[in-house]
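Welcome! Take a moment to look over the sequence and the model, and then let's explore them together.

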Amino acid sequence: VKLIQLEQVSKIYGQGDNCVHALREVSLTIQGGEYCAIMGTSGSGKSTAMNVIGCLDRPTNGNYYLQGENVAGCTAAQLAHVRNRQIGFVFQQFHLLPQLTALENVTLPLVYAGLPTRERQRRARLALEQVGLGHRLGNKPTQLSGGQQQRVAIARAMVNQPALLLADEPTGALDSRTSQEVMELFAQLHQQGVTIVMVTHEPDIARRAERIIWFRDGQVLQEHLRPEDVQHA
Ligand code: ADP
Ligand code: ADP
């Protein structure tokens, strides 16, 4: 089943002589359940592609089918709805709310789903238990290590049970041992059928994915290459 289908997607920032072609007619299909890494040099269009895939931004041209629905023409409000229902986000800097506990942070996405408080708390607790933080429900982010904060962020991303997990440099702020722990969690989610798309600069992290998609100059360069091959290309 095609979960993500970009059809000749272009993204142009600005206008006239100063415009930047961040994506140039990118066509890309990602099947439900795939685990993909996106790599490429700085400025190659990775963030722009993630913003489009994550329904945070719309393409200038082309179509984007998410679970068969063309979201390229959606309004901002419709995109927000799609995001809340279907997509979980994980970022390099965790982006947890510092004044809230782990449990409260994970409860937040469920507020949009309109669930009663007790049910929100039950689901958030379950999500935190699944990332091994059942004993840290009442801790605020500053009371947690970087790896624990990222696990809270993963629980928050998954608490709505989205089909798609988008991760932008999820291990960029972590040491290598903690990074491997986070990658173990991703492997578990993948085994459970979650589709994962992750941007990373780190070959050892990218190798954990089943597929590496390379960007260069706003285009998908080539697939199924190993990181070491492209570094020397
Ligand atoms: P990457 O994530 O691979 O570093 P980006 O998608 O951030 O690449 O950027 C692709 C190109 O688009 C770059 O030339 C960048 O400077 C440009 N760009 C990205 N976002 C904007 C923006 N909001 N306004 C203008 N140019 C942008
Ligand atoms: P990354 O580390 O993911 O490559 P960047 O540092 O390229 O991220 O970009 C960070 C943010 O700044 C992104 O949201 C991107 O859209 C925006 N951005 C990047 N380049 C430009 C630019 N030339 N003008 C305006 N915004 C930009």
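Below are some questions and answers about this predicted model.

Q: How many residues does the second, separate core have?
A: Besides the largest core, with its 41 residues, there is a second, separate one. Among its members are Cys-55, Ile-87, Leu-164 and Ile-213. The size of this second core is 29 residues.

Q: Is Ile-87 buried or exposed?
A: Ile-87 is found in strand E6. Leaving out residues up to four places away in sequence, Ile-87 touches several others, including Ile-53, Cys-55, Leu-66 and Leu-164. The relative accessibility of Ile-87 is 7%, and the cut-off is under 20%, so Ile-87 counts as buried.

Q: What distance separates the C-alpha atoms of Ile-87 and Met-158?
A: Along the chain, Ile-87 and Met-158 are 71 residues apart.

Q: Which methionine is in contact with Leu-165, leaving aside neighbours within four places in sequence?
A: Leu-165 is one of the residues with the most contacts inside the largest nonpolar core. With neighbours within four places in sequence set aside, its contacts include Gly-88, Val-90, Phe-186 and Leu-189.

Q: Which helix supplies the largest share of the shell around ligand 1?
A: The residues that surround ligand 1 include Tyr-13, Val-20, Gly-43, Lys-46 and Thr-48. Strand E2 (20-31) and helix H1 (46-53) each supply at least two residues of this shell. The largest share is 3 residues, and it comes from H1.

Q: How many residues of the shell around ligand 1 are polar?
A: Among the residues around ligand 1 are Thr-41, Ser-42, Gly-45 and Ser-47. The shell divides into three classes, with 3 nonpolar and 1 charged. The polar class has 7.

Q: What is the distance from an oxygen atom of ligand 1 to a polar backbone atom of Gly-43?
A: A backbone N or O atom of Gly-45 lies 3.0 Å from an oxygen atom of the ligand. For an N or O atom in the side chain of Lys-46, the distance to a ligand oxygen is 2.8 Å. For the polar backbone atom of Gly-43, the distance is 2.7 Å.

Q: What percentage of the area that ligand 1 exposes when taken alone does the protein bury?
A: Taken alone, ligand 1 exposes 560 Å². Of that area, the protein buries 58%.

Q: Why does Thr-101 count as buried?
A: Thr-101 sits in the loop between strand E6 (87-91) and helix H3 (102-112). Apart from neighbours within four places in sequence, Thr-101 is in contact with Leu-137, Gly-138, Asn-139 and Lys-140. Buried means under 20% relative accessible area. Thr-101 counts as buried because its relative accessibility is 13%.

Q: How far apart in space are Gly-33 and Gln-191, C-alpha to C-alpha?
A: Gly-33 is in the loop between E2 and strand E3 (35-40). Leaving aside neighbours within four places in sequence, the contacts of Gly-33 include His-190, Gly-193 and Val-194. Gly-33 and Gln-191 are 158 residues apart in sequence. In space, C-alpha to C-alpha, the separation is 8.4 Å.

Q: Is Glu-25 buried or exposed?
A: Glu-25 has its place in strand E2. The phi of Glu-25 is near 45°, a positive value in a residue other than glycine. With a relative accessibility of 54%, and a cut-off of over 50%, Glu-25 counts as exposed.

Notes
Residues are numbered from 1 along each chain as its sequence is written. Chains are lettered from A and ligands numbered from 1 in the order in which they are written. This is a predicted model: local features need pLDDT of at least 70, side-chain atom pairs count only at pLDDT 80 or more; totals for chains, interfaces and linings use all residues. Side-chain values use heavy atoms; hydrogens and water are left out. A nonpolar core is a set of buried Ala, Val, Leu, Ile, Met, Phe, Trp, Tyr and Cys residues joined through side-chain atoms within 4.5 Å. Buried means under 20% relative accessible area, exposed over 50%, partly exposed in between (1.4 Å probe, protein chains only). Contact means heavy atoms within 4.5 Å. A residue is near a molecule or strand if one of its heavy atoms lies within 4 Å of it. A polar contact is a pair of N or O atoms within 3.5 Å; within protein, one must be able to donate a hydrogen and the other to accept it, and residues adjacent in sequence count only if both atoms are side-chain atoms. Accessible areas come from the Shrake-Rupley method with a 1.4 Å probe; for residues, only the protein chains shown count as cover. Helices (H or I, at least four residues) and strands (E, at least two) are DSSP runs, numbered from the N terminus. Ala, Val, Leu, Ile, Met, Phe, Trp, Tyr, Cys and Pro count as nonpolar, Asp, Glu, Lys and Arg as charged, and the others, Gly among them, as polar.
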